[in-house]
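Here are a few notes to go with your model. Have it open beside you, and we can go through it point by point.

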Amino acid sequence: MMAFIKNWMLPLAMLAGALGYFVYAGIPALDSTHQMANRTIAVVQPLLLFAMLFLTFCKVRPADLRLARWQAGVLLFQVLTFLLGTLLVRLMPDSHWSVVIEAGMLCLICPTATAAAVVTRKLGGRAGTLTAYTILVNIAVAIIIPLTVPLLHPHPEHAFLHSFLTIMSRVFPLLLGPFLLSVLLRWWSPRTTEWISQVRDLPFYLWAVSLSLAIAVSTKSIVHSHVPWGYQLAIAAISLVTCIVQFALGRYLGRKYDDPISAAQACGQKNTVFAIWLGYTFLTPVTSIAGGFYSIWHNLWNSYQLYRVKGEG
């Protein structure tokens, strides 16, 4: 039984998240606890990600955070396709399909998931180059979104500096905090850092718990959406297409520089909770469900990849 659970950890975590939401939402006696549950998840999720990243950074030395040529190609693709989508929406602002285009843009510009380093290590990739790209793409997103959002949805609160600081304040504590803490620990107590780095699967199990919460949040986003089913299906389709394209492109670019796993995960595995927030805050709110659908697609693919690696092992 334990071997089965370990081999199918990610699909089970996804199923637990979706079913857990429906069970919890379907019990009338718990209606009064919904706000408290939302606040709890808002605190627990970042803590899980912080702990997971800290454990991962303890395994990655600062010297391993290297730039790679594939990073330029992946970053250029994400930025240019987002700008192309911005142009299309500007050319047909009254089109019903502008919402679907925005959903695709959201899936393309969304930064790499903070948990991607965990999966990359499991798959045999280079966590150092992926982590370096994660930092780069978050900086790019913090610059590109404030510059382009006023073109799509003019709003007095979407001034560049305000938007830039809002995004930075949400992203960088989760990126820089664990990294700086791991650097300090490595300097203060190398033996403790070495001991932590020997804990093999704890980041993976933390990610499974975080994944359950993310799928529950994604399920809630989709269920409570008032978007007609036709648009939901179109958004689900565009999120699937962008997921396939980004994993394939990342692997293609990474293969040129002998780093296909890291490049594929960097390009394809997204911070979908951030995507939901990004769509709701800066774009048309209904586009936020694209993050929910994308979460399903990229985690299904990750589950298959991990299962295949275990089968080969």
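Which helix holds both Trp301 and Tyr304, and how many residues apart are they?

1. The model is a predicted one, so please read each point below with that in mind. To take the opening question: Trp301 and Tyr304 both sit in helix 14, which spans residues 289-312. They are 3 residues apart, or about one turn of the helix.

2. Trp301 and Tyr304 also form an aromatic pair, with 5.4 Å from centre to centre and 35° between the planes. That pair is classed as tilted, because stacked planes would have to be under 30 degrees apart and edge-to-face planes over 60. The model has 5 aromatic pairs by this rule.

3. Now for a helix pair. Helix 3 (residues 34-59) packs with helix 9 (residues 190-197) at an angle of about 110°, and their axes are 8 Å apart. The two helices are therefore roughly perpendicular to each other. Helix 3 brings Phe54, Leu55, Cys58 and Lys59 to the contact, while helix 9 brings Thr193, Ile196 and Ser197. By class, that makes 4 nonpolar, 2 polar and 1 charged residues.

4. Finally, have a look at Asp258, in the loop between helix 11 (229-256) and helix 12 (260-268). Its phi is near 60°, a positive value in a residue other than glycine. Asp258 counts as exposed, at 56% relative accessibility.

Terms used: Residues numbered from 1 in each chain as written. Predicted model: local features only at pLDDT ≥ 70, side-chain atom pairs only at ≥ 80, totals over all residues. Heavy atoms only, no water. Axes fitted to C-alpha atoms, helices over the stretch in contact; angles between N-to-C directions. Helix = DSSP H or I, 4+ residues; strand = E, 2+ residues; numbered from the N terminus. Parallel < 35°, antiparallel > 145°, perpendicular 65-115°, else oblique. Contact = heavy atoms within 4.5 Å. Nonpolar A, V, L, I, M, F, W, Y, C, P; charged D, E, K, R; others polar. Buried < 20%, exposed > 50% of the residue type's maximum accessible area, 1.4 Å probe, protein only. Phe/Tyr/Trp six-rings, centres within 6.5 Å; stacked < 30°, edge-to-face > 60°.
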